[in-house]
Amino acid sequence: MNRRTKIAAVAAALLITAGAAGGATASASADGKGPHREAAALTGTAKLYRPAGDDITFSFDAHLAAKDRNNPLAATGTFRYSHFKGDWGGTAEVKVDCLATGGKAATVTGVVTKTDVPGLLHKRVGVSVYDDGGHDRLGYSWMASDPTKDEVPPCNSAAPFERVKAGTGDFTVLPWQFTYPTE
C-alpha cells in the first residue's frame, strides 16, 4: 500500500470514527470571510485520578495546520507523560505523527524521542482525550498491551477510560476541519 493510499484510508477511518467531524468547513469564521485557523489541535495538561497515590501527568501540544487539513499524518508537536509512585517511575517525550479530533474528542499518536523507560525509545504510542470541561478523560494505547513490543498504528489509542484528577484537566480540543472533495 503506497503512502497516498494509506493517508486516504486513515482519513476515511477517522471520518467514520469522528462522526464526519460535525460538518466542518474550511473557514474559521461563520461567514466564511475570516482567516483560516489550524485544522485541528490538542493542547493542555492534566493529572490522572489515582487514589493509590500514583502521580501520572499528561501534557499535549499537538497541531494540524490548515494546509494539511486532509492529512492527519502531517500533524506536528509533542506530548509528554510521566508515571511515578514512590521511588518507581518514568517519563517519555513523544514527537506527534498523527492527530485526529472530532467534537470534544481527540486521538494523537507519535514516536517516543526521549525516555528513561527501557525499550520504549523509538516506539509509537497513542493517547485519546475527551475534553469535558472539569471532567476530562484520557486513554492510552498501552492499557492492554506492552508498548515496547506491540506496534501501534498511527492515530490509534484506547477510548478515554481514565478520569482526570479534579482541578487539573485543562485539555482543549480544536475539532478537525476536514475538507470534503467536490464532485
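Two residues are said to be in contact when heavy atoms of theirs lie within 4.5 Å, and this idea is needed for several of the points below, beginning with the neighbours of aspartate 97. The structure shown is a predicted model, and the protein in it holds 1 helix and 9 strands, which follow one another along the sequence in the pattern α-β-β-β-β-β-β-β-β-β.

**Aspartate 97 and its surroundings**

- Aspartate 97 belongs to strand S4, which covers residues 88–102.
- With residues up to four places away in sequence left out of the count, aspartate 97 touches Pro72, Leu73, Ala75, Thr109, Gly110, Val111 and Arg124.
- Is aspartate 97 buried or exposed? Its relative accessible area is 16%, and because buried means under 20%, aspartate 97 counts as buried.
- The side chain of aspartate 97 is joined to the side chain of threonine 109 by a polar contact of 2.7 Å, and a polar contact of 2.7 Å also links the side chain of aspartate 97 to that of arginine 124.

**The sheet and its strands**

- In general, the strands of a sheet pair through backbone hydrogen bonds, and the pairing may be parallel or antiparallel.
- Here the 9 strands make an open sheet with antiparallel pairing, and their order across the sheet is S8-S7-S6-S5-S4-S3-S2-S1-S9.
- Strand S8 (162–163) and strand S9 (172–174) are at the edges and have a single partner strand each, so one side of each is left without a neighbour in the sheet.
- Strand S1 (residues 40–47) runs antiparallel to S2 and is joined to it by 8 bridges; within this pairing, threonine 43 stands opposite aspartate 61 in S2.
- Strand S2 (residues 55–64) is joined to strand S3 (residues 76–85) by 9 bridges, again antiparallel; here aspartate 55 faces phenylalanine 84 in S3, while alanine 62 has glycine 77 as its bridge partner in S3.
- S4 pairs in the antiparallel sense with strand S5 (residues 105–115) over 10 bridges, and in this pairing valine 111 in S5 is the bridge partner of lysine 95.
- S4 and S5 form a hairpin with 2 residues between them, and glycine 103, which lies in the turn, has a positive phi of about 60°.
- S5 is also joined to strand S6 (residues 124–130), by 7 bridges and in antiparallel fashion; threonine 109, whose side chain is in polar contact with that of aspartate 97, stands opposite glycine 126 in S6.

**The nonpolar core**

- In soluble globular proteins, nonpolar side chains tend to be buried together.
- The largest nonpolar core of this model has 32 residues, and of these Phe58, Phe60, Tyr81 and Val127 touch the most other members.
- At least two residues of this core come from each of S1, S2, S3, S4, S5, S6 and strand S7 (137–140), and the largest share, 5 residues, is supplied by S2.
- Valine 127, with its neighbours within four places in sequence set aside, is in contact with several residues, among them Phe58, Phe60, Phe79, Leu138, Tyr140 and Trp142.

**Aromatic rings**

- A pair of aromatic rings is described by the distance of the centres and the angle of the planes.
- The count of aromatic pairs in the model comes to 9.
- The ring centres of phenylalanine 58 and tryptophan 142 are 6.3 Å apart and their planes stand at 20°, so this pair is stacked.
- Because phenylalanine 58 lies in strand S2 and tryptophan 142 in the loop between S7 and S8, the pair ties together parts that are 84 residues apart in sequence.
- Phenylalanine 58 is buried, with a relative accessible area of 2%, and tryptophan 142 also counts as buried, at 19%.
- Tyrosine 81 and tryptophan 142 form a stacked pair too, with 4.6 Å from centre to centre and 25° between the planes, and since tyrosine 81 lies in strand S3, this pair ties together parts that are 61 residues apart in sequence.
- One aromatic cluster is formed by Phe58, Phe60, Phe79, Tyr81, Tyr140, Trp142, Phe161 and Phe171.

**The protein as a whole**

- Of the 183 residues in the protein, 40% are buried.
- The protein exposes about 9,700 Å², of which carbon and sulfur atoms supply 56%.

Terms used
Residues numbered from 1 in each chain as written. Predicted model: local features only at pLDDT ≥ 70, side-chain atom pairs only at ≥ 80, totals over all residues. Heavy atoms only, no water. Pairing = 2+ DSSP bridges. Helix = DSSP H or I, 4+ residues; strand = E, 2+ residues; numbered from the N terminus. Buried < 20%, exposed > 50% of the residue type's maximum accessible area, 1.4 Å probe, protein only. Polar contact = N/O pair within 3.5 Å; in protein donor to acceptor, adjacent residues only side chain to side chain. Core = buried A, V, L, I, M, F, W, Y, C linked by side-chain atoms within 4.5 Å. Areas by Shrake-Rupley, 256 points an atom, 1.4 Å probe, with all protein chains shown as cover. Phe/Tyr/Trp six-rings, centres within 6.5 Å; stacked < 30°, edge-to-face > 60°.
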